[in-house]
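Work through the exercises below with the model open. Try each task before you read its solution.

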Amino acid sequence: WTIVAALLLTGFQGWLGGRVVAHELAAWIVTVHMIVALVIVQMLLFVTVEAFGNTEDRKLKAIGWATFALIVLTLVQVGFGTQVRGAVDTALDAGVTRDLALGTVGRLDVLHRDLAFAVLAGCAVLSIWLLSRRAPAALIRWSLVVLSLSVLQVGLGAVMAYGSLLPAAQVGHLTTASLLLGAETVLLLTAWRQGV
């Protein structure tokens, strides 16, 4: 069912891409387009992880629920990020220079940054929790991947904020956000398989 749902969602995503263009890259529809793309990736990761294991009944326990909460927080943070990007584009279209464009965004940018630090803190706490519990090696490895990607994400955000919105940093920031969410999803699925 997950593969069929991902296929149908991919068709919807194509249609949604047309709507993004028709709405001239309005921030709200770019946000929806980005979230749908990330959900498709999560569904495909689920299928991949499930293909390599047994089908016994599993439950999410504390670590799995904590990881799920981290995924939700990351999705909210990505949503704010696309809104910030839309506001920056609006400022650039109005003639504001690249080095001043982020300053026009206001509270939205502050929320995006605060959530980035909340995600980073959540990743750090989760890694420390798994290390202190002497969790299975696969969980520890994935938690460290998640933490590393979160650190990189915040670092690239700082480069953008203090480097006049460097285009290469923008691409890296978006790519890292996608990889971070994917790694969090694999961590969640691994925790689910381990029953922790």
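**Exercise 1: the cavity**

α3 (62-93), α5 (107-132) and α6 (137-162) each supply at least two residues to the lining of the largest cavity. Helices here are DSSP runs (H or I, at least four residues), numbered from the N terminus. The model is predicted: local features need pLDDT of at least 70, side-chain atom pairs count only at pLDDT 80 or more, and totals for chains, interfaces and linings use all residues. Residues are numbered from 1 along each chain as its sequence is written, and side-chain values use heavy atoms, with hydrogens and water left out.

Task: state which residues line the largest cavity, and their classes.

Solution. 
1. On a 1 Å grid over the protein atoms alone, a cavity is a set of points where a 1.4 Å probe fits but cannot get out; lining residues have an atom within 4 Å of a point.
2. Count. There is 1 cavity of 30 Å³ or more.
3. Size it. The largest cavity holds about 40 Å³. Volume is the space filled by probe spheres set on the points, which are joined across faces, edges and corners.
4. List the lining: T74, Q77, A116, V119, L120, S150, Q153, V154 and L180.
5. Sort it. The lining has 5 nonpolar, 4 polar and no charged residues. Ala, Val, Leu, Ile, Met, Phe, Trp, Tyr, Cys and Pro count as nonpolar, Asp, Glu, Lys and Arg as charged, the others, Gly among them, as polar.

**Exercise 2: two helices**

Task: find how the axes of α5 and α6 cross.

Solution. 
1. The axes come within 9 Å and cross at roughly 160°. Axes are lines fitted to C-alpha atoms over the stretch in contact, and angles run from 0 to 180 degrees between N-to-C directions.
2. α5 is therefore roughly antiparallel to α6 (angles over 145 degrees).
3. Contact (heavy atoms within 4.5 Å) involves residues including F117 and L120 of α5 and L147 and V151 of α6.
4. The contact residues divide into 17 nonpolar, 3 polar and 1 charged.

**Exercise 3: the pockets**

Solution. 
1. A pocket is an open set with protein on both sides within 12 Å along at least five of seven lines.
2. The largest pocket holds about 810 Å³. Of its 35 lining residues, G81, R85, H112, M160 and H173 are the closest to its centre.
3. Its largest share, 9 residues, comes from α3.

Technical notes
Parallel < 35°, antiparallel > 145°, perpendicular 65-115°, else oblique.
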